[in-house]
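Good morning, everyone, and thank you for making time for this.

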Amino acid sequence: MTKIMCQAHKCLYNNNQKCVKEQISVEGVSAKKIDETFCDSFNKREREYDTEFASLDNKNSDIWCDACECMYHNSGKCSKDEISIVGSNANTSCETSCSSFRCNN
């Protein structure tokens, strides 16, 4: 399980810059750099102060990852202890990135 720091401020699952979703998916099957990845689990808040998930703990999450070229990719999952999702002005998942991505090559 991985701790997820989240800079996607408009995401429904962001609680004080930590992701509270139990499982997320990071996409980027052919990614060679950070901006070619994205958090497919991003879900834009409908209201600025949506509190649906505010009471959830900031616990560790499972991360399904298809960024095969990332050094932390391990059989479809992320092996890093902590990752960071960025996209402070993101309105869609494609406007986010996994800033912990490191290309094997």
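What you see is a predicted model, in which local features need a pLDDT of at least 70, side-chain atom pairs count only at pLDDT 80 or more, and totals for chains, interfaces and linings use all residues. Residues are numbered from 1 along each chain as its sequence is written, and side-chain values use heavy atoms, with hydrogens and water left out.

Of the 105 residues in the chain, 41% are buried, where buried means under 20% relative accessible area, exposed means over 50%, and partly exposed lies in between, with a 1.4 Å probe and protein chains only. If we take contacts, meaning heavy atoms within 4.5 Å, between residues at least 6 apart in sequence, then 66% of them join residues at least 24 apart.

Now to the cavities. On a 1 Å grid over the protein atoms alone, a cavity is a set of points where a 1.4 Å probe fits but cannot get out, and lining residues have an atom within 4 Å of a point. Grid points are joined across faces, edges and corners, and a volume is the space filled by probe spheres set on the points. By this rule there are 2 cavities of 30 Å³ or more. The largest has a volume of about 70 Å³, and among its 13 lining residues Cys-65, Cys-70, Cys-78, Cys-98 and Phe-101 lie nearest its centre. The second largest cavity, at about 60 Å³, has a lining that includes Cys-6, Cys-11, Cys-19, Cys-39 and Ile-85.

Which residues have a charged end over a ring? They are Lys-77, over the ring of Trp-64 at 4.7 Å from its centre, and Lys-80, over the ring of Tyr-72 at 5.2 Å from its centre. The rule asks for NZ of Lys or CZ of Arg within 6 Å of the ring centre and within 35 degrees of the ring normal.

Ser-84 counts as buried because its relative accessibility is 18%, and, leaving out residues up to four places away in sequence, Ser-84 touches Met-5, Gln-7, Ser-97, Cys-98, Ser-99 and Ser-100.

Ala-90 lies in the loop between strand 9 and strand 10 (97-98), and is buried, with a relative accessible area of 1%. Beyond its neighbours within four places in sequence, Ala-90 is in contact with Lys-10, Phe-42, Glu-95 and Thr-96.

Finally, Gln-17 has a phi near 65 degrees, a positive value in a residue other than glycine. Gln-17 sits in the loop between strand 2 (14-15) and strand 3 (18-19) and is partly exposed, at 36% relative accessible area. Ser-75 also has a positive phi, near 55 degrees, and is likewise not a glycine. The loop that holds Ser-75 runs between strand 7 (73-74) and strand 8 (77-78), and Ser-75 counts as exposed because its relative accessibility is 68%.

Note on methods: 1 Å grid on protein atoms, 1.4 Å probe; cavity = no way out; pocket = protein on both sides within 12 Å on 5 of 7 lines; lining within 4 Å. Helix = DSSP H or I, 4+ residues; strand = E, 2+ residues; numbered from the N terminus.
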